[in-house]
Amino acid sequence: MSYIVKVADESHSQYAESICQMMADAAKIRGTGIAKREPAYIQAKMAEGKAVIAFDVNTVVGFCYIETWEGKKYVANSGLIVHPDYRNTGLARAIKQATFDLSKQKFPTSLLFGITTSQAVMRINSDLGYKPVPFSELTQDNAFWKGCESCPNHDILLRTNRGMCLCTGMMYDLSKTPPKPLDKKKSWENFRSFMTERKERIQKKLQKFPFLKPALKNLKSNDE
């Protein structure tokens, strides 16, 4: 399969509805974690030059956008979506890299963060230099967390007072020099280290929030 990844602009506004439908379909299948977005919101991101879009000829097959919080102190690459037919092709990694580069270009002193339940996204983020962090280190802007209200697991976030959910928090300081590309062996070593740290963090949280055990078990089954 062939595809082209580029920074989106106003000329791509006609694809906003298709992008929102892809997001909704993915959220329904996974049962977790993709905040609902309206076409007008996606179009605004395109017009601001804060989005990356992928095409196969004239068909949109992937997308991601940038949000800022707390006076641009924090930046998030949100709404990553890849058409089901283009998964496991390297497209998600290409979109993440392009959005990472765009974030560094536009917000070179910000803290780039994300929350995800996807181990594939965690692997890509790990290769980009992200580190796992507790939710307390993420933006505390209520507008960001309001985006979680459309997730079926929002009740968990409320019950833990934003202490944790099924998502994993990750962060990268954009003021740092981006890490050099890793070979496959080193990449896997770093990711295994990341997953070990993630597991230890979850175990500590479970001591405080034992009601999360069934939900985390189901999440592991879905990932596998």
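User: In which sense do S2 and S3 pair, and over how many bridges?
Analyst: This is a predicted model, in which local features need pLDDT of at least 70, side-chain atom pairs count only at pLDDT 80 or more, and totals for chains, interfaces and linings use all residues. Residues are numbered from 1 along each chain as its sequence is written, and side-chain values use heavy atoms, with hydrogens and water left out. Strands are DSSP runs (E, at least two residues), numbered from the N terminus, as are helices (H or I, at least four); two strands pair if DSSP finds at least two bridges between them. Ala51 stands opposite Tyr65 in S3, and S2 and S3 pair in the antiparallel sense over six bridges.

User: Which residue in the turn of the S2 and S3 hairpin has a positive phi?
Analyst: Two residues lie between S2 and S3 in this hairpin. A positive phi of about 60 degrees is found in the turn at Val57.

User: How many residues of S2 are buried?
Analyst: Buried means under 20% relative accessible area, exposed over 50%, and partly exposed in between (1.4 Å probe, protein chains only). In a regular strand, side chains alternate between the two faces of the sheet. On one side of S2, Ala51, Ile53 and Phe55 are buried, and on the other Val52, Ala54 and Asp56 are buried too. The count for S2 is six of six.

User: Which strands stand at the edges of the sheet?
Analyst: The sheet is open and mixed, with seven strands in the order S1-S2-S3-S4-S5-S7-S6. Two of them have a single partner strand each, so one side of each is left without a neighbour in the sheet. These edge strands are S1 (4–7) and S6 (131–132).

User: Which residue in S5 is the bridge partner of Tyr74?
Analyst: S4 (residues 74–82) and S5 (residues 111–116) run parallel, joined by three bridges. The partner of Tyr74 in S5 is Leu111.

User: How many disulfides does the structure hold?
Analyst: A disulfide is a pair of cysteine sulfur atoms within 2.5 Å. The number in this structure is zero.
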